[in-house]
Amino acid sequence: MKRFKIRLNNISLRAKLTISFIAMIVLSLTIMAFGYFIKSSDVILSNASQTSLGLVRMSNQSIEAELDRVEQSAINMHLDADFFQFFNTGDFEQKSIEYESNRKITRTLQKYFPTSANLFSVNLVTKDFTFGESPSFWIPRKEYSQFNIYKIGQQSIRNTSWIPTYNLLEQFYSTAPTDREQYVFTAARLMNFAMVRNNILIQMDPHIERPVLIVNFSESMLENALKGSLTVDDSYYSIFTSAGSHVSSSAQIRNQASVSQEWIRHAVAQKSGTEYITIDGRKMVVCFDTMKVTGWLSAVFIPYDNLKKTVPNMNDYTIYSMVLIALLSILLASFLSGRIVLPLTKLMYGINRMGDGNFNNKIELSDTKEVNVIIRKFNQMNDNIHNLIKENYETHLKEMEAELKALNFQFNPHFLYNTLNIINYLAIENKQALISRMLVELSEMLEYTAKNTGKVIFSKDVQYLKNYVFIMSSRFEDKFTVTYDIDPALYHYSVPKFFLQPFIENALIHGLEDMVEGGTIRVSGKMEENSRIFTIQDNGKGMSRDTIRRVLRTDDDPTQVDSSIGIKNVNQRIKLLYGSDYGVHIKSENGHGTTVSMILPLE
């Protein structure tokens with residue numbers, strides 16, 4: 001599992017997206033294909049079942065068209081004058097039936113029932129004699145009235161009765177050349193003949209016997225009509241009466257177990273349709289339809305498994321479709337993942353180039369809104385970093401330049417330090433204590449200048465300032481006094497080197513130059529919130545606003561030559577070290593002295 005996670009983490013983003021897209025598409029397609037396979041199979045099976053049902057209905061219509069002619073012919077026979085005159089004569093038992101009379105009746109019957117392959121025989125039966133043809137002498141000429149068929153016909157006064165298939169051999173003890181031809185089904189109806197004379201309907205004498213019309217159809221008629229519905233292997237048909245009696249079936253299942261009486265009653269009530277039932281443990285599709293003439297139920301039984309074989313092979317179709325769509329999905333997933341990852345690839349390339357120090361690299365925007373936000377921020381960050389590096393580099397150069405200016409305008413400290421030591425020895429030998437002290441002060445100043453650069457501890461810079469004030473006090477006797485009011489906590493903080501001395505020098509040389517005595521200089525320092533504030537105040541002649549602006553200018557002017565540690569230099573160094581929020585502020589008016597404030601952060 002750990003190895004799998006490690007390998008998964010090492011896969012590129014594009015590969016992960018491609019695999020994710022393919023997995024989602026394949027999973028969706030699998031579910032859809034499975035549902036489509038089930039649904040389409042059901043639809044196709046349903047359509048196949050409906051097709052079989054349509055064939056059954058067509059077969060029933062063909063049978064009904066043939067049987068309906070029997071009804072129509074029986075109606076037409078009622079008004080036949082020949083039949084009326086012959087059967088309205090009296091008792092046939094007392095009257096001898098001649099061959100010619102039977103032949104005449106037979107010809108008249110053929111007029112209404114022409115010979116056909118489906119029609120086995122047509123007879124008019126009385127209790128004493130059977131008129132009409134008797135193929136192979138199967139139909140008895142006498143004693144027909146003893147059989148149940150004759151009795152059913154006598155009761156069929158208004159409608160034709162349909163008698164299910166039966167075996168002539170068993171019914172009349174006759175012989176048949178083949179087993180197949182001895183099965184017939186029969187239409188029976190009592191005939192009440194009449195005749196129209198002078199527009200008057202004359203009916204048979206009520207006491208005269210009415211003959212029974214017997215029409216026998218070969219069972220092959222049903223088989224020929226329904227065999228067109230047997231389009232599936234091992235399918236078969238069966239015909240049932242509304243009471244559940246068997247009428248006819250395919251030859252191969254004649255001796256097999258029939259369906260339940262309960263289902264037959266259900267199907268008769270439904271009249272027509274398609275259902276799934278189980279017969280002897282085998283699932284069957286049953287397409288059934290009811291004949292309107294006879295009321296019989298025609299049913300075709302189709303094995304479900306065999307019916308499925310007739311429909312298109314949905315398994316192969318579904319598999320081929322999934323393979324094709326999966327290949328297309330791989331191409332589509334690869335294309336989409338490439339479109340998504342391409343901006344990120346460009347972004348990674350830009351980050352690598354930025355890491356190599358190339359900050360001028362710009363990434364083009366993509367078509368994706370969310371990725372464009374990242375690219376814009378990256379380009380903005382790249383510009384900010386480039387500007388920051390440029391500003392820091394320039395700041396560092398300016399700081400170095402300012403420091404170099406401060407050093408370049410100094411005397412050579414090492415040479416002067418050695419020279420001053422020699423002079424100090426001479427002053428001591430000549431007992432010149434003041435000169436010796438001045439030389440010591442000056443030597444300490446030169447040593448401080450030579451050894452310290454950049455930022456220094458404030459206590460050292462104050463000591464340098466006091467050395468400078470002592471020397472200047474010796475030069476200008478009783479001209480000025482300097483007082484100090486500094487918070488002792490400030491002595492431990494670092495400050496820019498020489499950041500107070502230029503202002504003392506400026507006050508002595510310019511501010512107090514017109515005074516002979518009484519000049520005062522006050523040096524103070526305090527902490528306020530997050531800042532350190534240093535103030536140098538004198539009572540000199542002051543300066544104008546234009547002079548203040550000129551002194552505080554931070555731009556470089558190559559034509560101007562100031563002292564190495566002048567006010568401009570100090571202001572510039574403070575801003576470079578601590579930022580533009582800090583620096584030197586001068587408040588002065590002509591004739592009212594000058595106050596210089598230096599603001600530094602509390603580090």
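## Salt bridges

A salt bridge here is a side-chain nitrogen of Lys or Arg within 4 Å of a carboxyl oxygen of Asp or Glu. This is a predicted model, in which local features need pLDDT of at least 70 and side-chain atom pairs count only at pLDDT 80 or more, while totals for chains, interfaces and linings use all residues. Residues are numbered from 1 along each chain as its sequence is written, and side-chain values use heavy atoms, with hydrogens and water left out.

A search of the whole structure turns up ten salt bridges. One of them joins aspartate 234 and arginine 282, whose closest N and O atoms are 3.9 Å apart. Aspartate 234 sits in the loop between helix 7 (220–226) and strand 8 (236–240), and arginine 282 belongs to strand 11 (residues 282–290), so this pair ties together parts that are 48 residues apart in sequence. Helices (H or I, at least four residues) and strands (E, at least two) are DSSP runs, numbered from the N terminus. Aspartate 234 is exposed at 54% relative accessibility, while arginine 282 is partly exposed at 39%. For these labels, buried means under 20% relative accessible area, exposed over 50%, and partly exposed in between (1.4 Å probe, protein chains only).

## A pair within one helix

Arginine 549 also forms a salt bridge, with aspartate 546, and here the closest N and O atoms are 2.1 Å apart. The two residues are three apart in helix 16 (residues 545–552), which means about one helical turn separates them. Arginine 549 is exposed, with a relative accessible area of 51%, and aspartate 546 is exposed at 52%.

## The sides of helix 4

Helix 4 (residues 99–112) has 14 residues and reaches 21 Å from its first C-alpha to its last, close to the 20 Å expected at 1.5 Å a residue (1.5 Å times one less than the number of residues). Which of its residues are buried? They are Asn102, Ile105, Thr106, Thr108, Leu109 and Tyr112. These cover an arc of only 165° around the axis, so they lie on the same side of helix 4; the arc is that of the directions from the helix axis to the C-beta atoms. The face turned away from this buried side carries the exposed residues Tyr99 and Lys111.

## Nonpolar cores

A nonpolar core is a set of buried Ala, Val, Leu, Ile, Met, Phe, Trp, Tyr and Cys residues joined through side-chain atoms within 4.5 Å. The largest has 48 residues, of which Met77, Leu124 and Leu213 touch the most other members. Helix 2 (residues 13–77) gives the most to this core, with eight residues. Apart from it lies another core of 36 residues, including Leu512 and Met543.
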